[in-house]
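Subject: Structure handover

Hello,

Here is the structure you asked about, with my notes below it. Please look at the structure before you read on.

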Amino acid sequence: MTASGAAASACRSVILPRPRFLLALAAGALAAIAFPPFGVWPGIFGFGLLLRQLDEPSERRPLRAAFGLGWAAGFAYFLISTWWVGEAFLVDIAVHGWQAPFAVFFLAGGLALLWGVAAVLYRLIAPRHAGRVLVFAAAFGLLEWLRGHMLTGFPWNLPGEVWRAGSAPSQGAALLGAYGMSFLTLAIGAAPGLWRRGMGRAEQTALAAAALALTLLWSGGAWRLWTAAPPPAHALRLRIVQADVGQSEKWSADALDAIIARYVRLTAT
């Protein structure tokens, strides 16, 4: 075994057992597939798997273990949900294509540091009762807010943005905003992590509250869409079109007329 391999093995054994690390990766991956192009919204229950891993006792260095679990979940989450960052490097594949995997991996690893910090915050202040779901949602929601604001911000793929735009659940954003929806989504998604055989009344109540919140999110949004008043006849009408112009075409002077014609045709459709 090389020196670097031995160091990595020792680090894993000190910080957290390998199965928990893999389960944290799975938790982040589940949460990520709730986003397009997958759109599997039950993936939000990956947050419950992460909560469960953070609640497991660590014999040595529990805060380091929590950071490692949070980082692992965040790495999988951002690796899968922000893969599109690599597209920018494929405009000129011959020159920049080799940089795409490095950009995606390093971006995911860097953003995952915030999830590591959120996991540490959770372990520091979470109570042992069922209210820890709200602490989990608050800790990760706070770090997601920081992600969207610090260093000019990178607010893409917030947990509250998993709901397809225009769908019934997405209507909650009109009241709560993106970060309020993120808190609610994190709390709903994390609640199943409380489930245990022989769990107490408090955990049962928390699970019922999460189910009720999810039901209200869907039903309230559906009611809002159903009862929405039609726009007045004299209202200004806007049409947003996506011409799907390739990056290489955008920089070609010869393609300008064709691009304009494509937008005009889509607008008139």
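Tryptophan 71 is partly exposed, with a relative accessible area of 25%. The model is predicted, so please read every value here as computed from it.

The structure holds 18 aromatic pairs. In one of them, tryptophan 71 and phenylalanine 75 have ring centres 5.1 Å apart and planes at 10°, so this pair is stacked. Phenylalanine 105 is partly exposed, with a relative accessible area of 47%.

Ring pairs also link a cluster made up of Phe35, Phe47, Tyr77, Phe78, Trp115, Tyr122, Phe136 and Phe140.

**Overall layout**

The protein has 11 helices and zero strands. Its C-alpha atoms fill a box of roughly 65 × 55 × 30 Å along the principal axes. Of the 269 residues, 37% are buried. Among contacts with a separation of 6 or more, 68% are between residues 24 or more positions apart.

In soluble globular proteins, nonpolar side chains tend to be buried together. The largest nonpolar core here has 47 residues, and the members that touch the most others are Phe47, Leu54, Tyr77, Phe136 and Phe140. Elements giving two or more residues to this core are H2 (18-32), H3 (46-55), H4 (62-81), H6 (100-125), H7 (132-147), H8 (173-190) and H9 (201-226). H6 supplies the largest share, eight residues.

What does phenylalanine 136 touch, leaving aside its neighbours within four places in sequence? Its contacts are Phe47, Leu50, Leu51, Leu54, Tyr122, Leu186 and Ala190. Phe136 and Phe47 are both among the core members with the most contacts to other members, and both belong to the aromatic cluster.

**H2 against H4**

Two packed helices are described by the angle between their axes and the distance between the axes. For H2 and H4 the angle is about 35° and the axes are 7 Å apart. Their crossing is right-handed. On the H2 side the contact is made by Arg20, Phe21, Ala24, Leu25, Gly28, Ala29, Ala31 and Ala32. On the H4 side it is made by Gly68, Leu69, Trp71, Ala72, Ala73, Phe75, Ala76, Tyr77, Ile80 and Ser81. By type, the residues of this contact are 14 nonpolar, three polar and one charged. Trp71 and Phe75, the stacked pair described above, are both part of this contact.

Serine 182 lies in helix H8. At 1% relative accessibility, serine 182 counts as buried. Beyond four places in sequence, serine 182 touches Leu158, Pro159 and Gly160.

Arginine 224 is in helix H9 and, at 44% relative accessibility, counts as partly exposed. Not counting residues up to four places away in sequence, arginine 224 touches Gln171 and Ala174. Arginine 224 and alanine 168 are 56 residues apart in sequence, yet their C-alpha atoms are 7.9 Å apart.

**Backbone points to check**

The peptide bond from proline 36 to proline 37 is cis, with omega near 5°. Proline 37 lies in the loop between H2 and H3.

The loop between H7 and H8 holds leucine 151 and asparagine 157. Each is a residue other than glycine with a positive phi: near 55° for leucine 151 and near 60° for asparagine 157. Are these two residues buried or exposed? Leucine 151 is exposed, with a relative accessible area of 77%, whereas asparagine 157 is buried, at 11%.

Regards

Definitions and conventions. Residues numbered from 1 in each chain as written. Predicted model: local features only at pLDDT ≥ 70, side-chain atom pairs only at ≥ 80, totals over all residues. Heavy atoms only, no water. Core = buried A, V, L, I, M, F, W, Y, C linked by side-chain atoms within 4.5 Å. Buried < 20%, exposed > 50% of the residue type's maximum accessible area, 1.4 Å probe, protein only. Helix = DSSP H or I, 4+ residues; strand = E, 2+ residues; numbered from the N terminus. Contact = heavy atoms within 4.5 Å. Phe/Tyr/Trp six-rings, centres within 6.5 Å; stacked < 30°, edge-to-face > 60°. Axes fitted to C-alpha atoms, helices over the stretch in contact; angles between N-to-C directions. Left-handed = near helix turned anticlockwise from the far one by under 90°. Nonpolar A, V, L, I, M, F, W, Y, C, P; charged D, E, K, R; others polar.
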